[in-house]
Amino acid sequence: MAGPPRDALEFPDSNRVFLEPHLPPKNGEETDNGKPNLPFTTLTFATSLDSSLAAAPGTRTVLSGPQSKAMTHYLRSRHDAILIGVGTAVADDPGLNCRIQGVGGYGGDGLSGQPRPIVIDPRAKWDFTEESKIFTLAREGQGRAPYIITGLQSPPSAKRELLEKYGGKFITLDMVTAATDQSARLDWNTLLERLKKEGLNSVMIEGGGTVINSLLETAYQSLIDSVIITIAPTWLGQGGVVVSPKRGVDESGVAIPTPRLTGVKWYPFGEDVVLCGKIKP
């Protein structure tokens, strides 16, 4: 019998203990987060010392060390779904699977432990093909096909057929709402409620910058159940893709910090540091 693929990752039990208080229940069970219509939502990403995800928009930038990378894949195994924006899908051609040894496709049974990729693509502009990494992994039994969240227009029929061939699908959703400054923003309540109805009891939000910053808007911060951030010991310099929510102001118009984390724990992990916490109400 063939063993796990060569790219399988080890993440020993001793490294998992500190993460447990910050994760949803095991085996896809529902959690009592006080929001029965919403999934357990974890915001997680890797950042530089200057709060950047990438050196420039559309540029793939590796920040996590090997231990932190394995941690990210373990986090994927503990969530029913992982969510990214279309910009990340286009820039990275990601696999969006879990490569921890013992998970389905990497020595485990079936697809057990493999999360469902979710790609937010309001205008259906992701030009995926049979050769996209996410479908290659689906063919090889090492990952799942994505659910792609689009706006109200109809995606091309050829793309729909390809997606459904591998067990994925388009979900048409009116998920864009007008903000007070006349710009458009994601309606995270509507989006997460729909994912819950799809049977996804936990969702891991991975990126990119536009998605993360929109979730960190004041109106949506309460939807986040857990924050897990890997901080790499490097600067990317000015002009990077920065994670930074909009600044709040008090009644006098004076700037105030927002949001703030509570229950914070810091864990050295190789050369990186992992921060775990919750957003303070």
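**View 1. Strand β4 of this predicted model sends side chains both ways.** Arg116, Ile118 and Ile120 point one way from β4, while Pro117 and Val119 point the other way. All of these residues are buried. The strand covers residues 116-120, and five of the five are buried, so β4 is largely enclosed by the rest of the structure.

**View 2. β3 and β4 run as a parallel pair.** Five bridges join the two strands. Leu83 stands opposite Ile118 in β4. Helix α2 belongs to this view too: β3, α2 and β4 form a β-α-β unit, and the unit is right-handed.

**View 3. β4 also pairs with strand β5.** β5 spans residues 147-150. The pairing is parallel, with three bridges. Ile120 has Ile149 in β5 as its bridge partner. Between β4 and β5 the chain passes through α3, and this β-α-β crossover is right-handed.

**View 4. The largest nonpolar core holds 35 residues.** Seven of them touch the most other members: Phe11, Phe18, Leu19, Met71, Trp126, Ile228 and Val274. At least two core residues come from each of α1 (66-77), β3 (81-85), α2 (86-92), α3 (133-139), α4 (157-165), β14 (261-269) and β15 (272-279). α1 gives the most, with four residues.

**View 5. Trp126 is one of the residues that touch the most other members of the largest core.** Here its neighbours within four places in sequence are set aside. Trp126 is then in contact with Val86, Ala89 and Val90, among others. Its contacts also include Val119, Asp121 and Ile134. Pro146 and Ile148 complete the list.

**View 6. Helix α5 has one buried face.** The helix runs over residues 188-197. Its buried residues are Trp188, Leu191, Leu192, Leu195 and Lys196. Seen down the axis of α5, these buried residues fall within an arc of 135 degrees, so they line one face of the helix.

How values were computed
Residues are numbered from 1 along each chain as its sequence is written. This is a predicted model: local features need pLDDT of at least 70, side-chain atom pairs count only at pLDDT 80 or more; totals for chains, interfaces and linings use all residues. Side-chain values use heavy atoms; hydrogens and water are left out. A nonpolar core is a set of buried Ala, Val, Leu, Ile, Met, Phe, Trp, Tyr and Cys residues joined through side-chain atoms within 4.5 Å. Buried means under 20% relative accessible area, exposed over 50%, partly exposed in between (1.4 Å probe, protein chains only). Contact means heavy atoms within 4.5 Å. The arc is that of the directions from the helix axis to the C-beta atoms. Two strands pair if DSSP finds at least two bridges between them. A crossover is right-handed if, with the strands pointing away from the viewer, the path from the first strand over the helix to the second runs clockwise.
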